[in-house]
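I went through this one with a notebook open. Here are my entries, in the order I looked things up.

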Amino acid sequence: MKRIVLTGGGTAGHVTPNIALLPKLKELGYDIHYIGSYDGIEKKLIEEMAIPYHGIASGKLRRYFDLKNFSDPFRVAKGFFQAKKLLKQLKPDVIFSKGGFVSVPVVQAAKALHIPVIIHESDMTPGLANRLAIPAASKVCCNFPETIPHLPEGKAVVTGSPIREELRRGNRLAALKFCGFTSEKPVLLIIGGSLGSVAVNTAIRGILSELLKTFQVIHLCGKGNLDESLNHTAGYVQYEYIKQELADLFALADIVVSRAGANAICELLELRKPNLLIPLSAAASRGDQLLNAASFQKQGFSVVLQEEELTPELLLSKILDLYQNRQDYITAMDKSKASDAVNTIISMIEDITNDHV
């Protein structure tokens, strides 16, 4: 039997692309195992998928002073020996790593045991964990053409990010019923990320009355960010978080306003949703969302509005322009090479597995 070990964790973005590969891997008869941290978000998400889960010690490598900087190297070393022991027992044909610090000891252990590794890097420039892991990789998948110069020659492949197949199966009529909308007006979907965005939420609410003249609005505003005073506003619904119905909401949306996290924008690309991106500022991140958004803008997939320039008036203008020219963005996305990521990555996994068997 062909066997694969998946790894990655720390945030949902380091897990959901792995989950997107599961149906196809199962269809092809792979015995699938997952190595993650003892209690990270990946443990709950993977155990829900009924995949054997193996926890190891992991530590974060920080660029700033923290007392944990003195203990975490020992946890990483412990994780390496635990991963090595696990891999000796499991004897996988290939490792697929989505990054995050828990993946570093797994990839290094695979290198020591001569097990081939495929790594996926979501952002424009590799994060620290993947920079440490890339030398051990046979192939490195990436989302952006601009990433290739940052990777070893001959290893990089622009694949896009795998998205869950169920996101393609949304039901527009089910979403209309869920939201209580009509089919007579276009729909604007706002996604602030799992934690929401106060700046985006505030700006949207500042122009809501104007938006509702043209659109029906679905507002995913993040935990604790509901505005009760807007409940029962005709043509407007707000949710802290949506899981089950997300595919339906995507199917209903004509245009989308979103942050510029790599997995989120790859979903928009795969689903051909014209979008306005408001990336996290450099002050609030390592700047990866700014680079992601710039690439999508350059390729004609997105309109971009910097958070520092965010005003209700400019936001309204950008949204209306996006809707007016939405077909141009769909046409550009149709020409993208970074689509059908699941099948592209599965083909790479199959090639390496067949060589290894």
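Entry 1: I started at Glu210, which is partly exposed with a relative accessible area of 36%. My accessibility scale: buried is under 20% relative accessible area, exposed is over 50%, and partly exposed is in between, with a 1.4 Å probe and protein chains only. This is a predicted model, so local features need pLDDT of at least 70 and side-chain atom pairs count only at pLDDT 80 or more, while totals for chains, interfaces and linings use all residues. Residues are numbered from 1 along each chain as its sequence is written, and side-chain values use heavy atoms, with hydrogens and water left out.

Which residue forms a salt bridge with Glu210? I found Lys213, with the closest N and O atoms 2.8 Å apart. I call it a salt bridge when a side-chain nitrogen of Lys or Arg is within 4 Å of a carboxyl oxygen of Asp or Glu. Lys213 and Glu210 are three residues apart in helix H8 (residues 208-214), so about one helical turn separates them. Helices (H or I, at least four residues) and strands (E, at least two) are DSSP runs, numbered from the N terminus. Lys213 itself is exposed, at 58%.

**Entry 2: other salt bridges.** A search of the whole structure gave me twelve salt bridges. One of them pairs Glu27 with Lys24, closest N and O atoms 3.6 Å apart. Both sit in helix H1 (residues 16-27), three residues apart. Glu27 is exposed at 59%, and Lys24 is partly exposed at 26%.

Then I checked Glu267 and Arg164, whose side chains meet in a salt bridge at 3.6 Å, N to O. Glu267 is in helix H10 and Arg164 is in the loop between strand E7 (156-158) and helix H6 (172-179), so this pair ties together parts 103 residues apart in sequence. Glu267 counts as buried at 15%, whereas Arg164 is partly exposed at 22%.

**Entry 3: H10 and H11.** I stayed with H10 and found it mostly covered, with eight of its nine residues buried. Just after H10, Arg272 takes a positive phi of about 60°.

Next I looked at helix H11 (residues 288-298), where Asp288, Gln289, Asn292, Ala293, Ser295 and Phe296 are buried. They cover an arc of only 160° around the axis, which puts them on the same side of H11; the arc is that of the directions from the helix axis to the C-beta atoms. What covers these buried residues? My list includes helix H10 (262-270), strand E12 (275-277) and strand E13 (302-304). Just after H11, Gly300 has a positive phi of about 85°.

**Entry 4: a charge without a partner.** Asp248, in helix H9 (residues 246-252), is buried yet has no salt bridge. The nearest side chain of opposite charge is Arg169, 11 Å away (Lys and Arg count as positive, Asp and Glu as negative; His and the chain ends are not counted). Leaving aside neighbours within four places in sequence, I see Asp248 in contact (heavy atoms within 4.5 Å) with Gly170, Asn171, Ala174 and Ala175.

**Entry 5: nonpolar cores.** A nonpolar core here is a set of buried Ala, Val, Leu, Ile, Met, Phe, Trp, Tyr and Cys residues joined through side-chain atoms within 4.5 Å. The largest has 62 residues, and Leu315 is one of those that touch the most other members. Beyond four places in sequence, the contacts of Leu315 include Ala203, Ile204, Leu276 and Leu305. A second, separate core of 25 residues includes Leu6, Ile32, Ile118 and Ile345.

**Entry 6: Ser97.** Ser97 is in strand E4 (residues 94-97). Is Ser97 buried or exposed? Buried, with a relative accessible area of 0%. The side chain of Ser97 reaches the backbone nitrogen of Gly99 at 3.3 Å.

**Entry 7: positive phi.** Ala50, in the loop between helix H2 (41-47) and strand E3 (53-56), has a phi near 60°. Lys91 has a phi near 50°. Most residues other than glycine have a negative phi, so I flagged both. Ala50 is exposed at 66%, and Lys91 at 63% counts as exposed too.

Notes:
Polar contact = N/O pair within 3.5 Å; in protein donor to acceptor, adjacent residues only side chain to side chain.
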